[in-house]
Amino acid sequence: MYELFVEAKTENLDKVLDFVNEHIEHCPMKIQSQIGIVIDEIFANIAAYAYNPNAGSVTVRIKAEDDITIEFEDSGVPYNPLLNEDPDITLSAEEREIGGLGIFMVKNIMDSVEYRRDGSKNILTIKKQLS
């Protein structure tokens, strides 16, 4: 498993995307694009909310073999995004409550999304099958 350690700031998103893309360049373009969208959403949320108003770091780990496994680890406030209720996408944008679409999208793009709290760390693990 490869590992990247960065400060949880939105300006580091390109570093995270470059790191992940380097390890999934053998994947079909559709999967690369989907993973790019998911990485953008997850990292942006960590950068915006995990340590607010303080600064902190994120460790991103990736393993790309028969499937792609990406893990995000931060020491921010405890937060399990999977506990949020899915938005009602049958409602118009004006009728829906703000928020919740990002993790909904992540759950629908990826084959597996898991959260755990390990001591003082939030760990979100996402997986995508290559077949």
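Colleague: Let's start with Lys9. Is Lys9 buried, partly exposed or exposed?

Modeller: Keep in mind that this is a predicted model. To read burial, take the relative accessible area and check it against two cut-offs: buried is under 20%, exposed is over 50%, and partly exposed is in between. Lys9 has a relative accessible area of 33%, so Lys9 is partly exposed.

Colleague: Which residue forms a salt bridge with Lys9?

Modeller: That would be Glu7, with the closest N and O atoms 3.7 Å apart. Glu7 counts as partly exposed because its relative accessibility is 36%.

Colleague: How many salt bridges does the structure hold?

Modeller: Six. Another of them joins Glu73 to Arg61, where the closest N and O atoms are 3.1 Å apart. Since Glu73 sits in strand S3 and Arg61 in strand S2, the pair ties together parts 12 residues apart in sequence.

Colleague: Let's move to Thr59. Where is Thr59 placed, and what is it in contact with?

Modeller: To read contacts, set aside the neighbours in sequence and see what remains. Thr59 is in strand S2 (residues 57–64). Leaving out neighbours within four places in sequence, Thr59 is in contact with Glu3, Leu4, Phe5, Glu71, Phe72 and Glu73. Thr59 counts as buried, because its relative accessibility is 8%. For a distance to look up in the viewer, the C-alpha atoms of Thr59 and Ser75 are separated by 9.7 Å, and these residues are 16 apart along the chain.

Colleague: What about the whole chain: how do the elements run from the N terminus on?

Modeller: They run β-α-α-β-β-α-β-β, with three helices and five strands in the chain. Of the 131 residues, 42% are buried. Among contacts with a separation of 6 or more, 64% are between residues 24 or more positions apart. The accessible surface comes to about 7,800 Å², and 49% of that belongs to carbon and sulfur atoms.

Colleague: Now pockets. What shows where empty space is left?

Modeller: Rolling a probe the size of a water molecule over the atoms shows that. Here the largest pocket holds about 470 Å³ of space. It is lined by 20 residues, and those closest to its centre are Asn45, Ile46, Tyr49, Tyr79 and Pro81.

Colleague: Which element gives the most to the lining of the largest pocket?

Modeller: H2, with six residues. Helix H2 (29–50), strand S3 (67–74), helix H3 (101–109) and strand S5 (121–129) each supply at least two residues of that lining. By class, the lining has 13 nonpolar, five polar and two charged residues.

Terms used:
Residues are numbered from 1 along each chain as its sequence is written. This is a predicted model: local features need pLDDT of at least 70, side-chain atom pairs count only at pLDDT 80 or more; totals for chains, interfaces and linings use all residues. Side-chain values use heavy atoms; hydrogens and water are left out. On a 1 Å grid over the protein atoms alone, a cavity is a set of points where a 1.4 Å probe fits but cannot get out, and a pocket is an open set with protein on both sides within 12 Å along at least five of seven lines; lining residues have an atom within 4 Å of a point. Grid points are joined across faces, edges and corners, and a volume is the space filled by probe spheres set on the points. Helices (H or I, at least four residues) and strands (E, at least two) are DSSP runs, numbered from the N terminus. Ala, Val, Leu, Ile, Met, Phe, Trp, Tyr, Cys and Pro count as nonpolar, Asp, Glu, Lys and Arg as charged, and the others, Gly among them, as polar. Buried means under 20% relative accessible area, exposed over 50%, partly exposed in between (1.4 Å probe, protein chains only). Contact means heavy atoms within 4.5 Å. Accessible areas come from the Shrake-Rupley method with a 1.4 Å probe; for residues, only the protein chains shown count as cover. A salt bridge is a side-chain nitrogen of Lys or Arg within 4 Å of a carboxyl oxygen of Asp or Glu.
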